Amino acid sequence: MIAAGRIVRLAERDRAEVHFSLDGQMRSALAGDTVLTAMLASVQALRRSEFGDESRAGFCLMGACQDCWVWQEEGPRIRACSTPVAEGMRLLTTSGIWP
Amino acid sequence: MKDTSRPEIVIVGGGPAGIRAAATLVEAGLHPVVIDEGSAAGGQIYRRPPAWFARTPEQLYGSEAAKARALHALFDGLVRERRLTHYARSSVIAVHDGRLHVLGDEGVQPISYDRLILATGASDRVAPVPGWQNAGVYSLGAAQIALKAQGVALGHRIVLMGSGPLLTLVGAQLVEAGADVAAVLDTSPWRQQMRGFRELATRPVVALRGLTLRARLGRRYHSGVTPVRIEADGSGVTAVCWRDANGCEHRTPCDMVGMGWHLRAETHLADLAGCAFGYDEQWRQWLPKTDAMGRAGNGVYLAGDGMRLLGADGAEVAGRLAAAACLSDLGYPVPNSGADLRARERFERFARGLATAFPWPAAMVRALPDDTIVCRCENVTAAAVCEGAESGGSEANRVKSLSRAGMGRCQGRYCQLAAVELVAARAGCPTAAVGRFRGQAPVRPAPVGAFLREE
């Protein structure tokens, strides 16, 4: 899978793969990645802004800014920077409902 | 079976301040509760990656590896020996009447306390730059967390901007880790940095280390910079436009910007717990008031960057002092705090040097174009903030109500300082006169479902 993502892995590359779906497409990440790292390894942004036409990719990475909430196909939204990626997660960059 | 006649002491925060406070209480024979948002203790500065990651403390924390190791081992030992109760991945979202409301994996639960030690740390102090709302813009702290806790850089070509020790430190860490750092843009002019020199020399090793790291950045580093604009396309950041100290315009292509002007104390819980606040001219923010040991009154004690921005070493000292104050107030024998109080003085002097050398970019904020986004949560512009002040008066909460700056999910953590600066500029009054946003619970977003499981 070619990663056209934002992040660059500088270290810790020797880890087990974790597979998840992003907007219906199978992606892989590494065990120990947060959802933010996992998603941004494949794509440039986590979601679109609700109040503007730019996209968002998180800001503080420490659970303070609340910019990195993402939708799942089923279940609650999750804060990407503080949630470890898990096998089988089905994540979305848009909710289809809002915005 | 816990001894119910002993006072219930709860510590919020598992960074250097919280860890030292906990250890001091344990040494006195108490069994504190420590509530921390991280999976493992260490705070942000000594944040640990998942256990199976390969890098050593030296690779993660550089010159501070021994301190990190010591704190981690200390806390883990206390947990293993059941000398304290540790709630990991738990956020205190409200405090009222001697009770904390704690959001964890299982929902919200109440935890009562007789004494409360708040060691909630700090986050980056940021200022808006036109275009900062785009994907690919992060705080300096975020860039450091990404490297430490995930082993990644947040972009292929990075520009760092702001001022303060973190700017140089993160730049050097990223370069050493193999990231492409195109430029490190310091808004503080060299002459301004020299003005802090005498007080920075209070900690000569630290100051020298900073200069050494700065030297490693080589020609990437520029001082006296005026950020102009962050350019972006549909995918996110594409370049930073800036003016150098001579006034020449530059455009540096990049896909990631890390920004920060030192730190902003995390004070929401201190606010909800009823602490008095005062405007600190040095740090250009409202800080909770305590005595020299960290007593805030009403059974509440503060320690670490959430009280005063003294850094990680200062936080360890402050944690011990707060715990000592708490023990003293409960009538327990107290360790001698003389050395810690003297150390705290030294950290205060050094912090003054940092504040002088690397100031908040007030002029830059005051000159922001009207259409600059100030509140990133809801894309509230500088113009909207100023309109709010014009209609409602130059008071922080009126401006918040009318413009919505500070109403978004981050609760003003990342926009309050700039919003207040703009209002003060328009009104021609001191920043302190504008006041601060009133704290509201919950201090973290919590789903309704989490509350339904409470008791």
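**View 1. The open sheet of chain A.** Five strands of chain A make up an open sheet of mixed pairing, in the order E3-E2-E8-E6-E7, where helices (H or I, at least four residues) and strands (E, at least two) are DSSP runs numbered from the N terminus, and two strands pair if DSSP finds at least two bridges between them. The edges are taken by E3 and strand E7 (78-79) of chain A, each of which pairs on one side only. This is a predicted model, in which local features need pLDDT of at least 70 and side-chain atom pairs count only at pLDDT 80 or more, while totals for chains, interfaces and linings use all residues. Residues are numbered from 1 along each chain as its sequence is written, chains are lettered from A and ligands numbered from 1 in the order in which they are written, and side-chain values use heavy atoms, with hydrogens and water left out.

**View 2. Two antiparallel pairs within the sheet of chain A.** Strand E2 (residues 17-22) and strand E3 (residues 25-30) of chain A pair in the antiparallel sense over six bridges, and A:Ser21 stands opposite A:Met26 in E3(A). The hairpin of E2(A) and E3(A) has two residues between the strands, and in this hairpin A:Asp23 takes a positive phi near 50°. Strand E6 (residues 69-72) of chain A is joined to E7(A) by two bridges, the two strands running antiparallel, with A:Trp69 opposite A:Arg79 in E7(A).

**View 3. Helices H4 and H5 of chain B.** The axes of helix H4 (residues 140-150) and helix H5 (residues 165-177) of chain B come within 10 Å and cross at roughly 30°. H4(B) and H5(B) are therefore roughly parallel to each other (angles under 35 degrees count as roughly parallel, over 145 as roughly antiparallel, 65 to 115 as roughly perpendicular and the rest as oblique). Their crossing is left-handed, a term used if the near helix is turned anticlockwise from the far one by less than a right angle. The contact is made by B:Leu140, B:Gly141, B:Ala143, B:Gln144 and B:Leu147 of H4(B), together with residues of H5(B) including B:Leu166, B:Val170 and B:Gln173. By class, the residues of the contact of H4(B) with H5(B) divide into nine nonpolar, three polar and no charged, where Ala, Val, Leu, Ile, Met, Phe, Trp, Tyr, Cys and Pro count as nonpolar, Asp, Glu, Lys and Arg as charged, and the others, Gly among them, as polar.

**View 4. Helices H10 and H11 of chain B.** Helix H10 (residues 311-329) and helix H11 (residues 338-357) of chain B have axes that come within 10 Å and cross at roughly 145°, and H10(B) passes H11(B) in a left-handed crossing. Among the residues that make the contact are B:Asp313 and B:Arg320 of H10(B) and B:Asp340, B:Arg344 and B:Phe347 of H11(B). The residues of this contact divide into five nonpolar, one polar and four charged.

View 5. Most residues other than glycine have a negative phi, and most peptide bonds are trans. B:Asp97, which is not a glycine, has a positive phi of about 55° and lies in the loop between strand E4 (91-96) and strand E5 (99-104) of chain B. The peptide bond from B:Ala441 to B:Pro442 is cis, with omega near -5°, and B:Pro442 lies in the loop between helix H16 (431-434) and helix H17 (448-452) of chain B. In the hairpin of E19(B) and E20(B), with four residues between the strands, B:Arg284 takes a positive phi near 50°.

How values were computed:
Axes fitted to C-alpha atoms, helices over the stretch in contact; angles between N-to-C directions. Contact = heavy atoms within 4.5 Å.
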